[in-house]
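Subject: Structure handover

Hello,

Here is the structure I promised to pass on. Please open it alongside this note; my findings follow below.

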Amino acid sequence: MASSLPRTAAVSAVLATALAAGLLAGATTSAAETTGSTRIHDIQGVTRISPLVGNQVADVPGIVTGVRTYGSKGFWFQDPEADDNPATSEGLFVYTGSAPTVSVGDAVTVSGTVTEYVPGGLRSGNQSITQISRPKVTVVSSGHAVPEPVVITADSVPAAYTPDGDPAAGGSVNGLPLKPSAYALDYYESLEGVNVRIGESRIVGASAYNELWVTVKPHENPTRRGGTRYGSYDAQNTGRLKVQSLVPTAQQPFPDANVGDLLSGGAEGPLDFNQYGGYTLASRAAVTVEDRALRPERTREQHYKELAVATYNVENLDPGDPQAKFDALAKGIVENLASPDIVALEEIQDNSGPKDDGTVAADGTLKKFTDAIVAAGGPAYEWRGIDPEDKKDGGQPGGNIRQVFLFNPERVAFVDRRGGDATTATGVVKRYGKATLTHSPGRIAPADAAWENSRKPLAGEFFFRGKRVIVVANHFGSKGGDQSIVSHQQPPNRSSEVERHQQARVVNSFVRDVLAVQRNAKVVVLGDINDFEFSDTTRILTEGGALYPAILSLPAAERYSYVYQGNSQVLDQILTSPAIRRFEYDSVHINAEFADQNSDHDPQVLRFRP
């Protein structure tokens, strides 16, 4: 239980800045040296911010439970004599800045300054880690057993994710007393720095950057293939936990793991908080994975009377990429997607890739890709697109990413109407009673402020078996700048939505213009929408009944195209106009669930009879 300790009114400039940002709401920021016997639970306190932040503490005792010799170097230690308050953690990180000289099992006393370190910086919105900095460490004795781990299970983690933040503190939860029996984030925070253990657990986020994601709640929103689905803003999936290893990869490489695999034997170690994803079990031992044989999906081939339209984010494809990437993507188009008639590609880079040399043409990228498709046994796709202005469409600097249509000329015809360029907007006119584009390919409202430093939609007109179909390829603004779901602000600030809402309104307006000319026009809007099927972005796209999110036709457990921090979620979508009444939709899972990825997105396919 946190004790009352002397402090002064001195406030450092750094802590003053943090207070102004709402980070340390409710915390006392003093720089006095404490006297008497200070324990770890005194330092941790009953909120996310230490009541002793800024104070010097002396001779804090504990047993070393984990040592990190890479990244943020330091060690964790834990008081074996716990208090009776479940809200106060008994573990703490000591930041040494260089390789620690202690070992697991050492009994130590630590003196230093209590600080709150925010992974990613104050502007990230992340919660902070309570730690001792600038430490003086004394090893009292060695060879002790580490304190028994707290076992994290489906029953121990509350179903509710987090309380709402305090309005008086700008929506921050930092100053709220922890309720570890009521909220999952409070539960994990009450174990910050503590030696914890999980049993054998299903992997819900593939290994990358020497880490993976598991769930301790196997029945929480499961996908058909072993993941955990993020189906609403209030379904954050409380059982997710990130796992890293404290064993350097030079000694033991981190294993490859796919969604649905098993973390065999579980893991044990101190509970850390990480910049990318939050609470992380830092396993003292190397982790082991049992392969559960997840395989990439294959969609069926379209019937000769069906038009197959797909969207695929190929992740910054440029001619400088290894031929193996082109070949793997091509194989996916041919074997996994069954060679769709039309493919909207996102993130096609220019011919010089990320080199910032003024190049905007992407014909070299596209020739290399379409040649690879032919070599993989696929059709000789033709392409249509519009080169962007240099450095005006965002993405990787110098890459000039854009959307491009591939189409199989043996199955569909592209209607070319010249005049479309990077700055000229395509429009809708009536020809012979039908809605047609003034420019095909053409960009939708490229001068609109919604597309500033973002990809402009590409519209094209196609004929399939004598029927006209208008297709709009999109790549909306990213979620960059949003606070994570483990932010100290709850609910987190999703600032990037503003741009996508503007973009959705422009596209919705364009589709409604098409339908005003021809009520039964067949329009397909697709691409990397960068937002969920339940988001306001999607709602705005569908306003006035203009479009329907086709992914909603799938069972809930199959609605995802991307896996982020162990949450399987929708970013890529295909939406249809009302005249497309019957269709078949497939989210083809070939990338997002796998450690070995050709892209971080799963392609989507729509089949229908125009």
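Does D79 count as buried or exposed, and why? D79 counts as buried because its relative accessibility is 2%. Here buried means under 20% relative accessible area, exposed means over 50%, and partly exposed lies in between, with a 1.4 Å probe and protein chains only.

Some ground rules. This is a predicted model, in which local features need pLDDT of at least 70, side-chain atom pairs count only at pLDDT 80 or more, and totals for chains, interfaces and linings use all residues. Residues are numbered from 1 along each chain as its sequence is written, and side-chain values use heavy atoms, with hydrogens and water left out.

Overall picture

The protein has 7 helices and 31 strands. These are DSSP runs numbered from the N terminus: helices are H or I with at least four residues, strands are E with at least two. The C-alpha trace spans about 90 × 45 × 45 Å along its principal axes. Of the 610 residues, 59% count as buried.

Salt bridges

A salt bridge is a side-chain nitrogen of Lys or Arg within 4 Å of a carboxyl oxygen of Asp or Glu. By this rule the count is 33.

Back to D79. Its side chain meets that of R39 in a salt bridge, at 2.7 Å from N to O. The pair links distant parts of the chain, 40 residues apart. D79 sits in the loop between β2 (74-78) and β3 (91-95). R39 sits in the loop between α1 (13-20) and α2 (40-44).

K325 and D321 form another salt bridge, at 3.7 Å from N to O. K325 counts as buried because its relative accessibility is 18%. D321 counts as buried too, at 16%.

D371 and K367 also pair up, with their closest N and O atoms 2.7 Å apart. Both lie in helix α5 (residues 363-375). They are 4 residues apart, about one turn of the helix. D371 is partly exposed, with a relative accessible area of 38%. K367 is partly exposed as well, at 48%.

There is also a network. Salt bridges that share partners join R224, R225, E297, E558 and E593.

Best wishes
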